[in-house]
Amino acid sequence: MMDTFYIDSLDNINAVAADFLSKYNEERVLAFYGPMGVGKTTFVKALCEQLKVEDTVNSPSFAIVNEYHTPEDKIVYHFDFYRLKEEEEAYDMGYEDYLYSGHYSMIEWPEKIASLLPPGRLELTLEELSDGRRMITVQKK
């Protein structure tokens with residue numbers, strides 16, 4: 001199964017995020033692939049806005065993981081594994097407690113922990129098209 005979503009501009013990113021969440025309302029582990037600057041964090045922010053996250057959403061580049069909360073007591077874990085040098089660092093931070101919690105885990109740079117990713121996750125690949133739009137390809141793994 002593969003789906004494709006298009007973000008025409010920041011004006012429609014929230015609509016795309018809402019559409020994505022309505023279609024994929026069961027999956028909790030989302031792995032975001034794509035080059036630096038393609039909009040992974042921006043799309044995570046839009047998803048969090050749709051989930052009504054109360055906290056400020058920003059890239060957890062240095063913290064590796066940020067925890068956000070919603071009014072319905074949902075938790076969103078936002079990971080940025082860009083700075084990880086080896087998978088062992090993910091073990092040290094207790095990644096299993098997050099990814100298998102049943103809460104949302106949104107992972108940027110998941111290729112850094114490729115062998116640790118759980119089955120049943122969604123892999124979202126973001127690409128910038130020649131006209132500046134973003135294409136998001138979604139596959140369940």
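Colleague: How do the residues of the lining of the largest pocket divide into nonpolar, polar and charged?

Modeller: They divide into 5 nonpolar, 6 polar and 4 charged. Here Ala, Val, Leu, Ile, Met, Phe, Trp, Tyr, Cys and Pro count as nonpolar, Asp, Glu, Lys and Arg as charged, and the others, Gly among them, as polar. Please note that this is a predicted model, in which local features need pLDDT of at least 70 and side-chain atom pairs pLDDT 80 or more, while totals for chains, interfaces and linings use all residues. Residues are numbered from 1 along each chain as its sequence is written, and side-chain values use heavy atoms, without hydrogens and water.

Colleague: How much space lies in the largest pocket?

Modeller: About 160 Å³, a volume being the space filled by probe spheres set on grid points, which are joined across faces, edges and corners. A pocket is an open set of points on a 1 Å grid over the protein atoms alone, where a 1.4 Å probe fits, with protein on both sides within 12 Å along at least five of seven lines; lining residues have an atom within 4 Å of a point.

Colleague: Which residues are the closest to its centre?

Modeller: Of the 15 lining residues, these are Met36, Lys40, Thr41, Glu108 and Trp109. Helix H2 (residues 40-50) gives the most to the lining, with 3 residues. Helices (H or I, at least four residues) and strands (E, at least two) are DSSP runs, numbered from the N terminus.

Colleague: Where does lysine 40 lie relative to tryptophan 109?

Modeller: Lysine 40 lies over the face of tryptophan 109, at 4.2 Å from the ring centre. The criterion is NZ of Lys or CZ of Arg within 6 Å of the ring centre and within 35 degrees of the ring normal.

Colleague: Is tryptophan 109 buried or exposed?

Modeller: Tryptophan 109 has a relative accessible area of 12%, so it is buried; buried means under 20%, exposed over 50%, and partly exposed in between (1.4 Å probe, protein chains only). Its phi is positive, about 60 degrees, although it is not a glycine.

Colleague: Changing topic, how many aromatic pairs are there?

Modeller: The count comes to 9. Rings of Phe, Tyr and Trp (its six-membered ring) pair if their centres lie within 6.5 Å; planes under 30 degrees apart count as stacked, over 60 as edge-to-face and the rest as tilted. One of the pairs, phenylalanine 32 with phenylalanine 43, is edge-to-face, at 6.5 Å centre to centre and 65 degrees between the planes. Both phenylalanine 32 and phenylalanine 43 are buried.
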